[in-house]
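Hello,

Here is the structure I promised to hand over. My notes follow below it.

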Amino acid sequence: MIQLNNISKIYNKGKANAFQALYDVNLTIEDGELVAIIGTSGAGKSTLLHILACIDSYESGEYHIDNVLVKNTSEKTLAKIRNEKIGMVMQDYALIDDFTAIQNVMLPLDFAKKPSRQKKELSLQALEVVGMKQYAHKSVNQLSGGQKQRIAIARAIVNQPSMILADEPTGALDSKTSAEIMDLFHELHLQGRTIVIVTHDTNIAAQCERTIRIEDGRIVS
Ligand SMILES: Nc1ncnc2c1ncn2[C@@H]1O[C@H](COP(=O)(O)OP(=O)(O)O)[C@@H](O)[C@H]1O
Ligand SMILES: [Mg+2]
């Protein structure tokens, strides 16, 4: 379960260009939920997702993930939480273009103490889940947007995280490909994973169990 209590985020705190991106955000997401975070551009969606993913800090409030407080936590502990619990699908895929699909999917396993044969096997399994096994050895720059998104999702699930966080996963895709990617999230959800999808598309949000709307850094519904 993830729990945010009165989270505030201020970029460039104490400087002339300080900007408060989140105000007193309270939010609970139960295990196994499929949640959409919706709001216009600049509302604070990515900021919120990055805090949930433990890749950004916050100025006040408390964030608990499975009852562990994520605050002033050592980089080592954070890395462990990220590795075990969180799969992140970044905006615009964030793949390494001149790597092959499998090389991209293997990246989160870089630090795992596993034999490389096993890392390859796990990566192939993740590629199979997203229907991309046959493209394992293709260079990413030869793939379409929808295929790249599948690779990004494979990379997010290769560590078997309990929670998948996706930032505008259909933002750059046509409607047919978007529907296919949403089908994939539904499958992962049915397998018991918690899924949080940031979107500004109300059609995508309507396919989720719950929609959290954020405006100017505040949750409004
Ligand atoms: N690194 C940063 N430094 C300063 N301001 C930022 C930074 N990242 C985001 N912001 C600002 O915070 C607000 C929320 O951004 P973001 O969370 O990316 O919005 P969204 O994902 O909803 O479009 C925006 O006004 C944005 O300009
Ligand atoms: Mg964003």
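**Charges and salt bridges**

The protein carries 24 positive and 26 negative side chains, and the centres of the two sets are 7 Å apart. Lys and Arg count as positive, Asp and Glu as negative; His and the chain ends are left out. Each charge is placed at NZ of Lys, CZ of Arg, CG of Asp or CD of Glu.

A word on the source. This is a predicted model: local features need pLDDT of at least 70, side-chain atom pairs count only at pLDDT 80 or more, and totals for chains, interfaces and linings use all residues. Residues are numbered from 1 along each chain as its sequence is written, chains are lettered from A and ligands numbered from 1 in the order in which they are written, and side-chain values use heavy atoms, without hydrogens and water.

The whole structure holds eight salt bridges. The term means a side-chain nitrogen of Lys or Arg within 4 Å of a carboxyl oxygen of Asp or Glu. Among them are these:

- R210 pairs with E33, with closest N and O atoms 2.9 Å apart. R210 is in strand β9 (residues 210–215), E33 in the loop between β2 (19–29) and β3 (34–38); 177 residues separate them. E33 is buried at 14% relative accessible area, while R210 is partly exposed at 28%.
- K85 pairs with D66 at 2.8 Å between the closest N and O atoms. K85 belongs to helix α2 (residues 75–85) and D66 to the loop between β4 (60–65) and β5 (68–69), so the pair ties together parts 19 residues apart in sequence.
- R150 pairs with E180, the closest N and O atoms being 3.6 Å apart. The pair links helix α5 (residues 145–157) to helix α6 (residues 175–190). R150, K176 and E180 form a network of salt bridges.

Here, buried means under 20% relative accessible area, exposed over 50%, and partly exposed in between (1.4 Å probe, protein chains only).

**The fold as a whole**

The protein has seven helices and 10 strands. These are DSSP runs, numbered from the N terminus: helices are H or I of at least four residues, strands E of at least two. Buried residues make up 47% of the 221 residues. The C-alpha atoms fill a box of roughly 45 × 40 × 35 Å along the principal axes. Of contacts between residues at least 6 apart in sequence, 70% join residues at least 24 apart. A contact is heavy atoms within 4.5 Å.

Best wishes
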